[in-house]
Amino acid sequence: MHGLINRAIQCFVRDSYGQSRWIDVTRLASVETTDFEAMLHYEDSVTDDLIMASAKVIGAPRETILEDIGTYLVTHPNVEALRRLLRFGGLDFVEFLHSLDELPERARLAVDDLILPSLELREHSSECFSLTCRHDHLGFGHVMIGILRTMADDYGALVFLEHKGAQQDAEVIDITLVENAFASGREFELGARAG
């Protein structure tokens, strides 16, 4: 697994629960390091062990931890660049949804050896969508729920999200758009402000 994934888990636990909890996670997972290098590759089992250990140390189901990691990735100031990358997907939440098919390729422009799950959006009506996440390792669908929920808030949209489960290498998320302009979204500017 790409080191960015393990680094994201590390930063989520450390920033949300503290360094001592992160140390507890690494001990429980029986990993040899407490500081993952973003540009290295690690055995897939290390990532699985970190997620399971995080769930035990934090005391939450695996799915909740994965959703919280998704939320963290687009809300915490340490990872603001990902939110910015996602906001370039469109002017409103529906445009953003339609840009998700291209997300793995856009991510590879920044990190050429990062393999994200393939994403396929289907529009069933103007309010109903489904997003299929395909990857060898299941769980990314829950990360996407955290990302989607946060981005909906970011755009000011009111949505209902439901993880429909996994079959083979695919997870499906049902997305019901209740209102595209429910509230005013977070401020977003193309250029970063000089401070």
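Student: What makes the contact between the side chains of glutamate 120 and arginine 122 a salt bridge?

Tutor: Their N to O distance is 3.1 Å. A salt bridge requires a side-chain nitrogen of Lys or Arg within 4 Å of a carboxyl oxygen of Asp or Glu, so the pair qualifies. This is a predicted model, in which local features need pLDDT of at least 70 and side-chain atom pairs count only at pLDDT 80 or more, while totals for chains, interfaces and linings use all residues. Residues are numbered from 1 along each chain as its sequence is written, and side-chain values use heavy atoms, with hydrogens and water left out.

Student: Why are glutamate 120 and arginine 122 called partly exposed?

Tutor: Glutamate 120 has a relative accessible area of 30%, and arginine 122 has 44%. Buried means under 20% relative accessible area, exposed over 50%, and partly exposed in between (1.4 Å probe, protein chains only). Both values therefore fall in the intermediate class.

Student: How do you know that aspartate 174 and lysine 164 meet in a salt bridge?

Tutor: The N to O distance for this pair is 3.9 Å, which is within the 4 Å limit and therefore meets the definition. Aspartate 174 lies in strand E4 (residues 170-179) and lysine 164 in strand E3 (residues 158-167), so the bridge ties together parts 10 residues apart in sequence. Strands (E, at least two residues) and helices (H or I, at least four) are DSSP runs, numbered from the N terminus. Through shared partners, salt bridges join Glu162, Lys164 and Asp174 into one network.

Student: What makes cysteine 133 and cysteine 11 buried?

Tutor: Cysteine 133 has a relative accessible area of 2%, and cysteine 11 has 12%. Both values are under 20%, so both residues are buried.

Student: Why are the buried residues of helix H5 said to be on the same side?

Tutor: In H5 (residues 80-87), the buried residues are Arg83, Arg84, Leu86 and Arg87. They cover an arc of only 165° around the axis, which puts them on the same side of H5. The arc is that of the directions from the helix axis to the C-beta atoms.

Student: How do you know that strands E1 and E2 pair?

Tutor: DSSP must find at least two bridges between two strands; E1 (residues 118-123) and E2 (residues 128-134) are joined by 6, so they pair. The strands run antiparallel and form a hairpin with 4 residues between them. Leucine 121 has leucine 131, in E2, as its bridge partner.

Student: Which residues have the most contacts inside the largest nonpolar core?

Tutor: They are Phe93, Leu131, Met144, Leu148 and Ile175, in a core of 51 residues. Helix H8 (residues 140-155) gives the largest share, 9 residues. A nonpolar core is a set of buried Ala, Val, Leu, Ile, Met, Phe, Trp, Tyr and Cys residues joined through side-chain atoms within 4.5 Å.
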